[in-house]
Amino acid sequence: MKFNTKAIHGGQILDPAYGSVMTPIYQTSTYAQTSPGKHKGYEYSRTHNPTRTNFERSIASLENGNHGLAFASGLAAIDAIIKTLNPGDEIISTNDLYGGSYRLFTKIFEKYDLKFHFVNMEDPKYVEAKINSKTKLIWAETPTNPMMNVVDIRSMSQLAKHNKILLCVDNTFATPYIQRPLDLGADIVMHSATKYIAGHSDVVIGAIVVNDSILHEKLSFIQNASGATPGPMDCFLTLRGIKTLHLRMQRHSENAEKVAMYLKEHKKIQNVYWAGFKDHKNYKIAKSQMDAFGGMVSFIPVDKTFETAKKIAESLKLFTLAESLGGVESLCCHPASMTHASIPVEEREKSGLVESLLRLSVGIEDVDDLIDDLNHAIG
Ligand SMILES: *Cc1c(COP(=O)(O)O)cnc(C)c1O
């Protein structure tokens, strides 16, 4: 089955009760048993729920994986992955990562004696330098948020396999429409499905996809035992969003390309970050592992001041100033004060995330209107 068909049908079990064409919202916490311990595969909705099952099967199908697991948020999914590790284990993570992931790693898990190394992942040798006998997991995000750096998933996976380490890729920015990390050798794919997967800025939800059954069992145990599972309504909304994932991603990518080209030509803009530029330092890798370049574009005004960035952010009318990304509507974000405020300034600036940087989540409106809006705001 091709991707566009999978978005509609992939992994889906047709409602066995009445043949409902859309997955019903099984808004129930528990299920009737005919005799003690005898049931139809569902006992309690933290453990399993039929609406959630269809979402888990759908995301697994899109990522070409064997097993999908749904969580109450992207961070709950990350939390479950880290909980498969033990005190003393070490994790190598990209230094240019989602602020909430950084906060979870450093403020919660370091307390439990897990050690995180944050490195520039554009060159595998920086990762290799941190590998020792305690290293258990490599955590990659690509393209990175908000600097749009590209990590070579294939070479990360070779490095991981060679050292018997697991590789997890946060695939939130790209989505499986663009990039399928399991096919490139990753062991775990993680999503903030809040973003492009659900796609309408109306739900917070997370997901994990793996191929290995033992890893799936471990994660599934944590999913149930820790209990950060999404409700059936949220799974339903996400499933509904997935049905147009391919159409949305195509338009997001087309619009973002036009916006990136426009910004690059603009005299008042200094740097534009977008993985699809032919002169992007990792363009070749991006081209080899991505089928399109997605809807995210970051930029810095030419005078590099916070005041100018602030003025642009405040003057935009169609782009709403808000955290998050991946919805049908365009958003503008000031990472230093919003999504990435939890990362210390020194750490942020090391990866180029300066105070004057703005990040756009380019929506699927008419791109001429979006460019008019930017033109007016940049002045
Ligand atoms: C938003 C986001 C997360 C966290 O997901 P939530 O659903 O907000 O918990 C993790 N990684 C990336 C890249 C994100 O953009």
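**View 1. His-191 in strand E6.** His-191 sits in strand E6, residues 188-192 (strands are DSSP runs of at least two residues and helices of at least four, numbered from the N terminus). This is a predicted model, where local features need pLDDT of at least 70 and side-chain atom pairs count only at pLDDT 80 or more, while totals for chains, interfaces and linings use all residues. Residues are numbered from 1 along each chain as its sequence is written, and side-chain values use heavy atoms, leaving out hydrogens and water. His-191 is buried, at 1% relative accessible area (buried is under 20%, with a 1.4 Å probe and protein chains only). Its side chain makes a 2.6 Å polar contact with that of Glu-63 (N or O atoms within 3.5 Å, one able to donate a hydrogen and the other to accept it).

**View 2. Helices H2 and H8 crossing.** H2 (residues 50-62) and H8 (residues 232-242) have axes that come within 8 Å and cross at roughly 35° (axes are lines fitted to C-alpha atoms over the stretch in contact, with angles from 0 to 180 degrees between N-to-C directions). Residues in the contact include Phe-55 and Leu-62 of H2, plus Phe-236 and Leu-239 of H8 (contact means heavy atoms within 4.5 Å).

**View 3. Cysteines without a disulfide.** The disulfide count is zero (a disulfide needs two cysteine sulfurs within 2.5 Å). For Cys-235, the closest cysteine sulfur is in Cys-168, 20 Å off and too far for a bond. Cys-332 isn't in a disulfide either, with the sulfur of Cys-333 nearest at 7.1 Å. Cys-235 is buried at 0%, and Cys-332 is also buried at 0%.

Note on methods:
Buried means under 20% relative accessible area, exposed over 50%, partly exposed in between (1.4 Å probe, protein chains only).
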